2 protein chains.
Amino acid sequence: MTKFDEATRAIRVDEATYDVCLDPGYSIGGPLNGGYLMAVLLRAVVDASPHEHPVTTGVQFLRVPLPGPAQVRLEQLKAGRTVAMTSATLVQDDRPVIEARVTTATLGDTAPDWTDGPSVAMPPIERCVRLPDPGPESKMTLNAQVEMAFDPPTVGWLAGNPTGRPEARAYFRMAEPQDPDPYVLALAVDALPPVVFSAGALGWAPTVDLTWHLRALPAPGWLTVLGGGRMIGDGWFDEEVEVWDSAGRLVAQSRQLARVGRG
Amino acid sequence: MTKFDEATRAIRVDEATYDVCLDPGYSIGGPLNGGYLMAVLLRAVVDASPHEHPVTTGVQFLRVPLPGPAQVRLEQLKAGRTVAMTSATLVQDDRPVIEARVTTATLGDTAPDWTDGPSVAMPPIERCVRLPDPGPESKMTLNAQVEMAFDPPTVGWLAGNPTGRPEARAYFRMAEPQDPDPYVLALAVDALPPVVFSAGALGWAPTVDLTWHLRALPAPGWLTVLGGGRMIGDGWFDEEVEVWDSAGRLVAQSRQLARVGRG
């Protein structure tokens, strides 16, 4: 069991209740990373489902949870032969913190019938850049769990040179050796810095809704995580992320709607 | 009040319950159109919200509802100063038919800070094509409510000439004179034929999850509805729709994950 498997473990209490323990090692400047929290929820959902994979996940973030014990409460909405649908709530101190709706199914291992290839080409990994170590006092503890190598222009904002467009692109893998799986993908779709940083809008950018789709089971190796957006306006922005695996296959797609941060 | 306003009316019973009447005039070969059903749900959600606009809507389709009376049951998940979050269930014969999660907020009327323009250029409307009238016996009653003019290659599948790619593009407006509003947009994001038809995969393509975001209030006039997708495989496809208004503004974005139909 890897550290990530341990940190996302959900222990069955009964068919509708799982105990979890939110790990302080996945924080992004204080709050826990949304992708990590989704992975925790999905462990419980899949354990309780007759199907193997979380194919669609839609999440609303109601409150900021704290590290420590919490519960996942499940409600089966539909149990079909092909798909099951579940409502999952992360509850802490008897208050709902995150609401999720998940469709589970069992994906096969067939080649795609049609695909268009990645929307943007990445430079080779040796020309990509790591972010500076935030240091032992940092609250960016997520950085120690994952390894990311960024397409240089998309992190130009760190040096005061934003590209002026919403974008972020990186190679991604767990720091501890671990093949990617659907839970690692839940982390990957929310691991990039907010794409608006590259458009010059820094500051905490709270996500209102995040929906992602598991499209195929990822091959071992680096993931390529491509983030963009279509519009920034009226205090809102969309962030679209595609995750491609080392075999060149689209394995996950996400979109979130979030509020633009204030410096 | 237009026919569409009437067909989507939600009458308050109490703060958590609305009576609705599902109109047979919005069917697509039998089942009612998903966009129409979302519009009905959203009427109730917005009426009960302190905010004016449905900014994010995520929907799971559990069962096929029948025309006739139904109820919308609401649960407030969060009531914040900027956004409220609501769970809404369409119930018929005491069974949940559709589950939705909606974020409401009040959008302003500012110009976008950044936008990239439409992903694909449309030909002028006079070079676009209408679909043949399905005739009075047809179960495609939705066709009489809306006016759509299609980018010709994207409906080549009707004559046995699919483009081989998932795509569908059309100009869209209500048949009865009505300025577009968020409820019309809910209809527009699900009004195109499934994009997989153009890739050669005909047949009923059931949607599992549809999430859409209202990005701005639409200007009067035609809407431009651009549909595409990123991958078809393992019996699943994604459909992405962007809606642009007559002022050239991105007003809605949607993505659905659906099952490929069997001819």
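Reader: Which residues does B:Leu192 touch, not counting residues up to four places away in sequence?

Author: Contact here means C-beta atoms, placed from the backbone, within 7 Å. By that rule B:Leu192 touches B:Ala168, B:Ala170, B:Val225, B:Gly227 and B:Val241. The model is predicted: local features need pLDDT of at least 70, side-chain atom pairs count only at pLDDT 80 or more, and totals for chains, interfaces and linings use all residues. Residues are numbered from 1 along each chain as its sequence is written, while chains are lettered from A and ligands numbered from 1 in the order in which they are written.

Reader: Where does B:Leu192 lie?

Author: Helices (H or I, at least four residues) and strands (E, at least two) are DSSP runs, numbered from the N terminus. B:Leu192 sits in the loop between helix H3 (182–188) and strand E10 (207–214) of chain B.

Reader: Why does B:Leu192 count as buried?

Author: Buried means 20 or more other C-beta atoms within 10 Å of a residue's own; exposed means 12 or fewer, partly exposed in between, with C-beta atoms placed from the backbone. B:Leu192 counts as buried because it has 24 C-beta neighbours inside 10 Å.

Reader: How many residues of strand E11 of chain B are buried?

Author: Six of the six in E11(B), residues 223–228. B:Leu223, B:Val225 and B:Gly227 point one way, B:Thr224, B:Leu226 and B:Gly228 the other.

Conventions: Contact = placed C-beta atoms within 7 Å.
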